[in-house]
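Student: Can we go through this model together? I'd like to start with the fold.
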Amino acid sequence: MIVLIDDIKMREEVEFFSYINTTFADEEITDIEMLYEYLLKTDKQIEFLVSDYDEIEDKTFASKVLKVLTLARDARANIKLTMM
């Protein structure tokens with residue numbers, strides 16, 4: 001499964017989790033910790049493609065998302081992270 005995350009999806013927390021919940025429909029994810037826990041327990045092959053990260057004006061939320069994706073990638077072989 002490929003999950004494209006661009007600057008628009010990371011602009012606001014509500015918008016991001018709405019997108020994540022359409023992508024991972026098997027469980028409702030409402031915050032960063034729940035996303036991390038989900039990624040640590042899933043066996044799905046997931047590749048996150050992060051696009052236009054440098055164009056995000058307020059990187060506060062985006063940096064938290066990127067940290068969680070990096071930690072999950074480092075912890076699980078089925079999680080990939082590509083910066084474009």
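Student: What pattern does the chain follow along the sequence?
Tutor: The pattern reads β-α-α-β-α-β, with three helices and three strands in the chain. Helices (H or I, at least four residues) and strands (E, at least two) are DSSP runs, numbered from the N terminus. This is a predicted model: local features need pLDDT of at least 70, side-chain atom pairs count only at pLDDT 80 or more, and totals for chains, interfaces and linings use all residues. Residues are numbered from 1 along each chain as its sequence is written, and side-chain values use heavy atoms, leaving out hydrogens and water.

Student: Which residues touch the most other members of the largest nonpolar core?
Tutor: Met 10, Phe 16, Phe 24, Leu 35, Leu 39, Phe 48 and Leu 69, out of 26 residues. Such a core is a set of buried Ala, Val, Leu, Ile, Met, Phe, Trp, Tyr and Cys residues joined through side-chain atoms within 4.5 Å. Buried means under 20% relative accessible area, exposed over 50%, partly exposed in between (1.4 Å probe, protein chains only).

Student: And which helix or strand gives the largest share of this core?
Tutor: α3, with seven residues.

Student: What is Phe 16 in contact with, leaving aside neighbours within four places in sequence?
Tutor: Ile 5, Lys 9, Met 10, Leu 35, Phe 61 and Val 65. Contact means heavy atoms within 4.5 Å.

Student: Changing topic, how much of the chain is buried?
Tutor: Of its 84 residues, 42% count as buried.

Student: What box do the C-alpha atoms fill?
Tutor: Roughly 35 × 25 × 20 Å, taken along the principal axes.
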